[in-house]
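Please look over the model below.

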Amino acid sequence: MTDHNDKPTTPAPALAPEAAARIVALVQGGDAPAAAALPHVEAPPLAPDAPPADERTPADAEPPEPRRRRGRPRKRRTEDGGGENGDVEERAPRRRATAGDTIGEVTAGGEFWHAPDRTGYATVDVDGHREHWAVESKGFERWLADRTFLITGAAPTSQALRDVVRLCDVLAQRGAEHPVFRRVARMEGRIFIDLCDDSWRAVEVDRHGWSVAAAPAVKFLRSPGMLALPEPEASDTGLGELRGLVNADSDEDYVLTVAWLVGALGGVSAFPVAVLNGEAGSGKSRLATRLRALVDPHVAPMRSPPKDLRDLFAGASNEFVIVLDNISSMTHELSDELCRIASGSASSARALHTNTEQIFLTGARPIILNGIGGHFGAQADLMSRALSIRLAAIPETGRRTDAAMDLEFAAVRPRILGALLDAVSAGLRNLETVALERLPRMADFALWMSAAEPGLGWEPGTFVAAMEAGREEATQAAFDADEVAKAIVDFITDEHSVAGWEGTPSALLEALNRRVTEDVRRFRSWPTTATGMGTRIDRVAGLLRHKGLSITRRRGAQRTVFIKPFSKR
């Protein structure tokens, strides 16, 4: 049988006539012609380009290396016609690494675990330190490809990487459960702040002070864009160097600025929202960038207001501090989402390319907002959680270049961070013993700042006094910006100042429509239905109480609202 994979050989020689006649006779069944044997066949002549016999390779010389054949593995036999026990040995071609080649070494080089939301993670050793990555992240994939190359000497295929990632996620689901953090973690009476340097170090703060830990006891995650904090330095002047960088309009505004920083680094359960106010050119954006650089520096320190709440969710999922710049309008939906993020209420969104799987955002986030106008005041719930900070106008003679201010800030930034960490340590030391006569809104944050006051060199009660003064101003601004709240106060004061008024939201909307102008009724914020009116009553209830009106909901045959003046004490 002809092997079509072999090269063609020299044609066989022609038979002599006597031999051919004998073969034909045998095939036909007759007697073959008498012949003792087939004649001797001479060897075929050499090919025309072959050398003479005396010039050919000696018999005892080693044969030349045969050319490697493509396709199937080459077979090699030993001198006795085979390998061990006469078997044929096959030399396997070089192949790329697969999941089976690498999974054993990968699992030996990492610790696999999962978060409370069942997301799988891996803790891996890199250049003498430990890093934490989601098993489906680019960071873990890079580590996996590098480790595979070191083990096998070959680059892994995309399919091999996907196979190993799936197996690692299975191992993570079987592993221990640990909480995950970004930038700031609070655990067991200690606070950890990720420096985000190449060695994955963190600052550890306790009631006795602070130090830099090479291997922090919490699992920090890193996202693209996060920048390193400077290593903090002890400061002999406290926060005196910060005061010159904050053009606050008053001492109370400066106190609220420092309070936002200490709260952000303290990892409190609910953060206040810093709202920077001021005329154009007062340095709102510059201050927002500096505040973030002291807590959570990022390549993109500020963002535009999101057009879609999913964009806000994505940013909060990957960053610790959220800064929205130049806000010119504020919808109720955006305000409500910011309140949820600042207070730590869990949020969720559908994962991409899935119908049912969700991703979750847990943990509070510090927020900074800046802009011009009264749109912040129109969101009463947001302003009740806000630290309203007003900045003074910068005179023409006091302006400086960005480069000069950046150099000054870079020089003092390590010492400012050290002074803030002193205040955080004081907060941990005094939190169990501090007490307030009356707990304000955001009581946990008020207690935390009262506990940190000794570390800042402040007199007791400094923060609460500044917060109450700022809240009074913010509440008045919110009332002035809300047409519904103003219309209700005018309606009750003018027509029902003694006994109050009771009726359905529909009746209240009808009564208010008769009192306000057509321009007011055309506002997008003005309710047009009974349901919308009922929702607005709930939103402005705090503003009405601030103006001396009590709001009571009554349920019966009809759902009514009872609004009555009361004496404020």
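Strand β10 (residues 273-277) pairs with β15 in the parallel sense, over 5 bridges. Strands here are DSSP runs of E, at least two residues, and helices are runs of H or I, at least four residues, both numbered from the N terminus. Two strands count as paired if DSSP finds at least two bridges between them. V273 stands opposite A386 in β15.

Both strands belong to an open sheet of 4 strands, in the order β11-β14-β10-β15, with parallel pairing. Its edge strands are β11 (322-324) and β15 (386-390), and each pairs on one side only. Neighbouring strands of this sheet are turned by 15° against each other on average, direction ignored. The axes behind that angle are lines fitted to C-alpha atoms, and angles run from 0 to 180 degrees between N-to-C directions.

This is a predicted model: local features need pLDDT of at least 70, side-chain atom pairs count only at pLDDT 80 or more, and totals for chains, interfaces and linings use all residues. Residues are numbered from 1 along each chain as its sequence is written, and side-chain values use heavy atoms, with hydrogens and water left out.

Now the backbone angles. Most residues other than glycine have a negative phi. Which non-glycine residues have a positive phi? The table lists R183 and M442.

| Residue | Phi | Loop between |
|---|---|---|
| R183 | about 70° | α4 (158-174) and β6 (184-187) |
| M442 | about 60° | α11 (402-430) and α12 (443-456) |

Are they buried or exposed? Buried means under 20% relative accessible area, exposed over 50%, partly exposed in between (1.4 Å probe, protein chains only). R183 counts as buried because its relative accessibility is 0%. M442 has a relative accessible area of 15%, so M442 is buried.
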